[in-house]
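Me: Hi! Could you walk me through this one while I have it open?

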Amino acid sequence: MKKIITLVALFVVVISSAQTQFEQGMNKAFGLWKEGKNTEASALFERIAAAEKNSYLPNYYVALINATAVFTEKDKTKIDLLLTKAQDALDIELIKDQANSELYVMQALIYTGYVVADPMTNGMKYSGKVMEAYAKAKALDPNNPRAVFGEADYQLGGAKWTGVDTKPLCAQVDKSIELFNTFKPATPYAPKWGLDRALEIQKTCK
Amino acid sequence: MKTKLFFTLSFLFFTALIFAQNTISGKVVDQKGKPVAGANIYIDGTYDGATSSETGDFSFETTETGNKFLVVSFLLFETFKQEIDVANYKDQTVKLRENVNALDAVVITAGTLESGDKARVSVLKPLDIVTTAGSAGNIVAALQTLPGTQSVGEDGRLFVRGGEASETQTFVDGIRVAQPYGATMNNLPTRSRFSPFLFSGIAFSTGGYSAEYGEALSSVLLLNTQDEEDHEKTDIGLMTVGLSLGNTQKFKKSSLSVNMAYINLAPYQAVIPQNVDWNNPYQSLGGETVYRYNFTSGIFKLYASFDSEKFDLNQKNVNFENPIRTDMNNNNFYLNSSYKGSFGTGWQITSGVSYGYSKNKLKYDITGVDSQENAAQLKLKLSKKFSNYFKLSFGTDYFITKYNENVADNIALDVTNGYDSNIFAAYTEGDVMFSKKLALKVGLRFSNNSLLNENHIAPRASLGYKASKSSQFSFAYGDFTQTPVVDYIKFSKYHQFESEKASHYILNYTFTRPGQTLRAEAYYKDYSNLVQYDTRDIQYNSIFNNNGSGYAKGLDIFWRDSNLYKNLEYWISYSYIDSERQYKNFPYMATPSFIANHNLSVVTKYFITDWKSQVGFTNSFSTGRPYNDPNQTQFMNGKTKSYNSLSFNWAYLLTTQKILYFSVSNVLGTQNVFGYDYAKNPDPSGVYQRQAVVPTADRFFFVGFFWTISQNKNENQLKNL
């Protein structure tokens with residue numbers, strides 16, 4: 001009996017230590033990101049991605065770190081580099097799985113990066129692509145709060161010069177907040193960001 | 001129990017011991033030994049790794065043992081992978097090889113002006129074609145604000161660097177368009193047949209282009225249709241000059257776009273005073289369609305366009321007391337299908353067929369001229385990428401042209417002229433990247449022309465060198481040949497004509513920074529074998545020879561900036577040209593009438609957020625053009641006054657999807673003169689009378705309302721205006 005318990009215990013230890021490796025890696029990468037060490041965090045996620053081909057998450061975060069860095073990057077010459085890196089990482093996952101709503105939200109975010117970097121050149125070209133990506137994300141998961149919010153947020157961003165009616169868009173923001181509140185990530189590291197910004201935008205709506 | 005626990009603990013302890021740590025350390029440098037910061041260094045398949053510091057140094061610990069693969073990756077460099085012994089890898093230097101495909105590699109830019117998102121050095125943005133004041137959605141008019149072009153107001157076609165309009169060839173998806181322009185004659189300007197709507201990229205080469213393109217002495221204009229449509233939509237346009245309608249449908253793997261337009265200039269001609277007397281206003285009905293099908297490793301496209309135009313007017317003619325009537329009917333059809341795909345390792349195939357049909361029915365005074373042209377091209381191109389450093393492409397072309405014209409005036413016998421031309425061509429071209437800084441392209445084009453009974457070999461070469469992060473130099477050289485234009489070869493007998501020839505030498509300097517582009521280009525062109533004739537007009541009994549020659553040399557400067565002021569974009573083009581030719585019936589070397597020595601264009605666009613409006617101004621200026629005055633002994637001795645035109649446009653967003661658009665050309669009403677027509681015979685006092693060649697109207701104005709209906713509420717037609 002004891003032997004069995006020991007064996008089971010050992011088995012559990014081995015399994016949990018295997019989990020721990022992924023968790024440790026992910027936690028460490030998130031830590032680096034929080035500290036503002038974007039390059040290091042992105043590099044670690046890349047390493048995890050290279051070792052864990054079954055999870056889309058490490059590449060997803062490589063894309064997320066680099067795409068969101070664009071919004072604060074002042075050196076315009078680096079923007080192409082960041083977005084190319086984000087797109088490369090995302091492409092690896094999009095080939096494997098075309099039914100993941102989060103990946104299309106990510107795609108919309110990368111295109112938004114191009115628009116923000118140079119609205120005069122890229123505005124018209126990428127606007128359609130941004131909207132198409134959000135539409136796909138919503139079709140795959142109508143209750144994905146990031147897709148609902150992202151789509152409304154993007155249109156609100158352009159509303160001040162396009163004159164589009166903001167009321168229905170603000171209603172979508174409200175809806176996304178409800179979705180954020182009931183949203184349960186499928187796995188501990190699955191994307192769950194976005195509520196903070198949605199609440200911020202909700203304020204500007206009023 | 002205790003012993004068991006002890007055993008388990010010690011077992012775990014041992015496991016930890018087995019996973020003893022090894023330190024891996026070293027330095028990442030580029031080919032010049034400079035440290036590379038931010039590179040990702042790791043043991044393949046593990047989480048163990050580090051990021052290189054500002055000094056390129058890295059160090060990390062790993063529990064791995066034995067021989068493992070070390071990976072060093074960084075976007076601008078080729079990924080480095082090497083098998084190492086984990087226990088013995090300390091203070092090593094890793095030299096990364098630069099990735100010649102990276103974003104900051106040299107691009108050969110001599111002669112080429114590109115627009116579109118794929119272009120690394122782009123001078124025009126896709127939107128520019130339509131938001132440039134004075135262009136009115138005409139691709140050619142927008143290109144005329146670029147350096148190296150001559151604005152020839154009475155013709156409307158592209159004249160590049162001292163070349164005639166016929167010396168520029170237009171290609172859609174790599175395949176030639178035999179009849180790229182609408183009908184024109186007697187100083188009525190034409191416009192490009194293509195709406196900018198369907199094209200995602202435009203490359204306009206003012207010389208020194210690739211061996212892939214032939215039968216063009218001066219220039220090639222490459223238009224590429226969009227690979228995919230963004231989404232389904234319907235576009236409606238109501239204009240003071242007509243109607244337009246467009247629809248796009250998307251399917252799982254394919255998409256279809258259709259555009260139709262009906263233009264009638266009657267309302268405009270009624271409001272604005274005209275310099276000619278119209279019997280029937282200019283009218284056209286045209287449509288374009290693109291179908292795309294995506295395969296897993298390729299794309300098939302079918303592009304078709306048709307248009308039908310007519311106009312009827314009376315023009316004053318210095319040779320006759322009464323105005324002369326011109327009645328024109330033109331029908332045109334163009335079909336182009338292409339397949340582009342990849343196969344095997346590094347192979348790419350591009351193949352296509354085009355067919356163009358043009359039928360003109362012209363009545364000039366009492367003379368009727370009916371002409372028909374059938375033109376086709378077959379094309380096959382293969383390219384193989386051997387490595388990031390070497391690419392080879394080769395291909396063949398086959399051009400077939402049949403032309404037929406019938407002249408009848410009810411007095412003399414009907415006259416029929418025409419020709420059949422078949423040209424076979426093959427070419428090969430190699431692209432060599434010596435490093436990220438130095439690139440070379442060398443090509444050779446062979447052609448055989450059955451009508452002229454001749455063979456040609458034309459070498460082409462270009463070189464690019466990146467001098468610093470933001471500046472680069474390019475040099476291009478090429479030999480070009482082209483069959484003489486239809487006006488001559490319709491009289492071809494016994495292979496009497498030879499191809500006309502030109503050589504180009506181009507030196508280019510490009511400076512780019514985000515939001516700014518400076519481009520300066522000096523060129524020399526040597527023309528030979530140009531056609532000459534000995535009569536006043538080209539006619540069946542003219543004596544032709546191929547002994548003409550000429551040159552063109554000059555400097556083109558382009559500056560574009562969007563950093564000066566928020567929401568303001570502008571560009572300035574300046575061209576200087578010195579060119580003379582002895583061709584046609586010129587008695588000696590002289591500057592042809594379409595050349596102005598100095599051309600200056602200034603284009604501005606400003607977005608006013610509060611007004612939801614984009615306003616734009618374009619000013620085009622050129623110095624006087626030569627004309628021949630038979631009252632003087634010297635040939636081509638006259639010079640017109642300089643030309644100036646200021647255009648203005650205003651796009652107002654009613655809502656995102658509804659746009660009101662207003663444009664007016666030549667706001668200041670400058671009385672421009674393009675040249676003079678002189679009488680064939682002197683009057684009784686021995687003086688040749690003349691008549692000025694002027695625009696059909698001094699101003700053109702346009703008001704339109706454009707509405708887009710689609711799921712995406714941000715989509716509108718601003719890009720089509």
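Me: What share of the contacts in chain A with a separation of 6 or more comes from residues 24 or more positions apart?
Reply: That share is 52% in chain A. Keep in mind that this is a predicted model.

Me: Thanks. How many helices and strands does chain A have?
Reply: Chain A has nine helices and zero strands. Along the sequence the pattern reads α-α-α-α-α-α-α-α-α.

Me: And what percentage of chain A counts as buried?
Reply: Of its 206 residues, 40% count as buried.

Me: Let's zoom in on a pair, helix 4 and helix 5 of chain A. At what angle do they cross?
Reply: Helix 4 (residues 79-96) and helix 5 (residues 101-117) of chain A cross at roughly 165 degrees, and their axes come within 10 Å. Angles over 145 degrees count as roughly antiparallel, and helix 4 and helix 5 of chain A are therefore roughly antiparallel to each other.

Me: Is that crossing left-handed or right-handed?
Reply: The crossing of helix 4 and helix 5 of chain A is left-handed.

Me: Which residues meet there?
Reply: From helix 4 of chain A, the residues include Leu83(A), Ala86(A), Leu90(A) and Leu94(A). On the helix 5 side of chain A, Leu103(A), Met106(A), Gln107(A) and Ile110(A) are among them.

Me: Switching to Ala133(A): where is it found?
Reply: Ala133(A) is in helix 6 of chain A, which covers residues 119-140.

Me: Why does Ala133(A) count as buried?
Reply: Because 25 other C-beta atoms lie within 10 Å of Ala133(A), and the cut-off for buried is 20 or more.

Me: Which residues does Ala133(A) touch?
Reply: Leaving out residues up to four places away in sequence, Ala133(A) touches Tyr104(A), Gln107(A), Ala108(A) and Tyr111(A).

Me: OK, chain B now. What domains does the assignment give?
Reply: Domain 1 spans 21-95 and domain 2 spans 112-720 in chain B. Taken over C-alpha atoms, the centres of these two domains of chain B are 54 Å apart.

Me: What's the strand order in the four-stranded open sheet of chain B?
Reply: The order is 3-2-5-6 in chain B, with antiparallel pairing. Strand 3 (49-51) and strand 6 (80-85) of chain B are the edge strands, each pairing on one side only. On average, neighbouring strands of this sheet are turned by 15 degrees against each other, direction ignored.

Me: How many bridges link strand 2 and strand 3 of chain B?
Reply: Three bridges, in the antiparallel sense, with strand 2 of chain B covering residues 40-43. Tyr42(B) stands opposite Gly49(B), which is in strand 3 of chain B.

Notes: Residues numbered from 1 in each chain as written. Chains lettered and ligands numbered in written order. Predicted model: local features only at pLDDT ≥ 70, side-chain atom pairs only at ≥ 80, totals over all residues. Pairing = 2+ DSSP bridges. Helix = DSSP H or I, 4+ residues; strand = E, 2+ residues; numbered from the N terminus. Axes fitted to C-alpha atoms, helices over the stretch in contact; angles between N-to-C directions. Buried ≥ 20, exposed ≤ 12 C-beta atoms within 10 Å, placed from the backbone. Contact = placed C-beta atoms within 7 Å. Domains from an automatic or database assignment. Parallel < 35°, antiparallel > 145°, perpendicular 65-115°, else oblique. Left-handed = near helix turned anticlockwise from the far one by under 90°.
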